[in-house]
Amino acid sequence: MGDCIFCKIIAGDIPSTKVYEDELTYAFRDINPQAKVHILVAPKEHMKDMAECAKRTDDLAGHMMKVCVKIAEAEGLENGYRLITNKGDHGCQSVGHLHVHILGGEKLSDKMG
């Protein structure tokens, strides 16, 4: 998608701090971290959200979760972490490209928002 900021990051048109990359996903540090560790994991193929992913693919969501676990382990988040994906306006999705937030590195708030 030509105007998608995450597509531009994945393509290398916008700089990012890459944490992980494979044939299906690209992970990078959030530029406005909400925790000591805040990493975004996005599919390389543009899709709006997890609902679209579930309709279009059989295994990408599971692959993304495995990538999240691999990254969390590499980041030393053995005391725990939070995985979040947002959908739509009510879910406060700010970028229309599926991504999972990995938050950790410190005790997180009991509140989700």
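The largest pocket here has a volume of about 620 Å³. Rolling a probe the size of a water molecule over the atoms shows where empty space is left. A pocket, on a 1 Å grid over the protein atoms alone, is an open set of points where a 1.4 Å probe fits, with protein on both sides within 12 Å along at least five of seven lines, and lining residues have an atom within 4 Å of a point. The volume is the space filled by probe spheres set on those points.

Keep in mind that this is a predicted model, where local features need pLDDT of at least 70 and side-chain atom pairs count only at pLDDT 80 or more, while totals for linings use all residues. Residues are numbered from 1 along each chain, and side-chain values use heavy atoms, with hydrogens and water left out.

So who lines the pocket? Of its 28 lining residues, Asp 30, Asn 32, Gln 34, His 38 and His 101 are the closest to the centre. Helix H1 (5-11) is among the elements giving two or more residues, along with strands S2 (25-29), S3 (37-43), S4 (81-84) and S5 (100-104). H1 gives the most, with 3 residues. The lining divides into 14 nonpolar, 10 polar and 4 charged residues.

Now for the cysteines. With a disulfide taken as a pair of cysteine sulfur atoms within 2.5 Å, the count comes to 0. The closest cysteine sulfur to that of Cys 4 is in Cys 7, but at 3.7 Å this is too far for a bond. For Cys 53, the nearest is that of Cys 68, 12 Å away.

Terms used:
Helix = DSSP H or I, 4+ residues; strand = E, 2+ residues; numbered from the N terminus. Nonpolar A, V, L, I, M, F, W, Y, C, P; charged D, E, K, R; others polar.
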